[in-house]
Amino acid sequence: MNSKIGDDAAIKFAVGFYDQLGAGWSYEDAYNGGCDTIALQGIPEEHTPVFKNLKKSPINGNKSS
């Protein structure tokens, strides 16, 4: 998170995220499911969680020559 999130939104996100993850979805899809769960509850914080993909190439994210 880049900013604070309310308890209700955090709980809804966690439930949606882990439900999707437990069903075999990817981390990114589970993240989207968590955000969707917040939105479906009418909580206006569905854009507060941020997905950060940390996949990098073996050389610190730089292309090798």
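## About the model

The model is predicted: local features need pLDDT of at least 70, side-chain atom pairs count only at pLDDT 80 or more, and totals for chains, interfaces and linings use all residues. Residues are numbered from 1 along each chain as its sequence is written, and side-chain values use heavy atoms, with hydrogens and water left out.

Helices here are DSSP runs (H or I, at least four residues), numbered from the N terminus.

## Helix α1

Let's start with α1, which covers residues 7-22. The expected span is 1.5 Å times one less than the number of residues.

Which residues of α1 are buried? They are Ala9, Phe13, Gly16 and Phe17; buried means under 20% relative accessible area, and exposed over 50% (1.4 Å probe, protein chains only).

After α1 comes Gly24, with a positive phi near 95°.

## Helix α2 and the packing

Helix α2 has 14 residues and reaches 20 Å from its first C-alpha to its last, close to the 20 Å expected. Its buried residues are Ala30, Tyr31, Gly33, Gly34, Cys35 and Ile38.

Now put the two together: the buried residues of α1 pack against α2 (27-40), and what covers the buried residues of α2 includes α1. Contact here means heavy atoms within 4.5 Å. Just after α2, Gly42 has a positive phi of about 75°.
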